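Here is a briefing on a protein chain and its ligand.

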Amino acid sequence: MLQLDLTNSIKSIKKIKAKNILLQIPEGLKTKVEGIINELKENGLNVITSMDPCYGACDIKQSEAKQMNCDAILHLGHTKFVEKSSIPIVYVPLKYDLGDRFERITKIIIEYLKDEEISEVGLTTTAQFLGYLPELKKELVGEKIKCIIGKGKRVEDGQVLGCNYSSAQIKAQTIIYLGDGLFHPLGIHFSTQKNVIIANPLILEINTLNEEKDKFIRQRILLIEQAKNAKEYAILVTTKEGQNRITKALKIKKDLEKAGKKAKIYSMDFISQESLLGINAEAFINTACPRISIDDYFNYKKPIINYTEVDYMLKKKSYDKFNLAIVY
Ligand code: SF4
């Protein structure tokens, strides 16, 4: 079950003497927004809630907080990401309480590693399960399995984000990903080239990426090759502070023009097919969150690739060394 504990964050807000709060809430928690506002109000805080979509800790609404005369941001659902801010930010990550599932998935992991004769692993996960990594390490070490929880850049130890796999850049050849879904495990594989084992504590299953990684790379190559046929590109830049890469966009524009292509830069807060109506370019280059072009590419009417994939399109890099990493 997902748990949100506001107690410590209310203490942190009081410590910095903030009174007027801009509340940022992820889409999945919006149905609980009234209860959260009431709890904050009962603690003497004045709350203005930002209702724009918020998908990550990179999406911090500093300008909106100032426009709304707020003196701090309460950002729910994610861990710290933005390093410099003109306004105090208090983060409240969502945490999973796995109950006895943790013990059960640990047993499943140990059995699997022993069957496969794997004696050294790295441990990774997302914010929701981070609290379980030290305990998992302890259990594995107790079974004589060496464990590394990597220190990343701008993330907690062992934490991965869709744009940041720095904590997985470790010596172990096998990385365990504690969590669900394929997006992060694929990201770990394509930014480290290591074997990834997905240990899903929700359905108590272990999986590898054998088929998925081939399917994924074929999909990416197809999109990149489609984008290669374009004569004119739209380079998309978001104004979201933690995802803004105007410098990269300008560099890519230059590279494309050098290669005889045309390119224009478009800025917007939220990138979606609807916001791109009227653009004549035949392909999009996304410089914002990589999930837009990986998880959502089928929602766009023209091929959309990440800016890190332009080098493959311009044949500066070969697909043999395909790397998904966007390292901060
Ligand atoms: S850029 Fe995307 S993957 Fe990275 S933190 Fe933001 S929402 Fe998550």
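Seven names make up the ligand's surroundings: Tyr 55, Gly 56, Cys 58, Gly 162, Cys 163, Gln 243 and Cys 289. The model is predicted; local features need pLDDT of at least 70, side-chain atom pairs count only at pLDDT 80 or more, and totals for chains, interfaces and linings use all residues. Residues are numbered from 1 along each chain as its sequence is written, and side-chain values use heavy atoms, with hydrogens and water left out.

**Ligand shell**
- By class, the shell holds four nonpolar, three polar and no charged residues.
- Ala, Val, Leu, Ile, Met, Phe, Trp, Tyr, Cys and Pro count as nonpolar; Asp, Glu, Lys and Arg are charged; the others, Gly among them, are polar.

**Domains**
- The protein chain splits into domain 1 (2–96), domain 2 (101–208) and domain 3 (216–321). These bounds come from an automatic or database domain assignment.
- The centres of domain 1 and domain 3, taken over C-alpha atoms, are 32 Å apart.

**Interface of domain 1 and domain 3**
- In domain 1, 10 residues are in contact with six residues of domain 3. Contact means heavy atoms within 4.5 Å.
- About 590 Å² is buried between domain 1 and domain 3, and carbon and sulfur atoms give 46% of this area. Tyr 55, Cys 58 and Asp 59 supply 49% of what domain 1 buries against domain 3, more than any other three residues.
- Buried area is the accessible area (1.4 Å probe) that two parts lose on being put together, summed over both.
- Two salt bridges cross between domain 1 and domain 3. The rule asks for a side-chain nitrogen of Lys or Arg within 4 Å of a carboxyl oxygen of Asp or Glu.
- Lys 240 pairs with Asp 59 in a salt bridge, with the closest N and O atoms 3.0 Å apart.
- The side of domain 1 that touches domain 3 has six nonpolar, two polar and two charged residues.

**Salt bridges overall**
- The count is 17 salt bridges.
- One of them joins the side chains of Glu 120 and Lys 171 at 2.8 Å, N to O.

Technical notes: A residue is near a molecule or strand if one of its heavy atoms lies within 4 Å of it.
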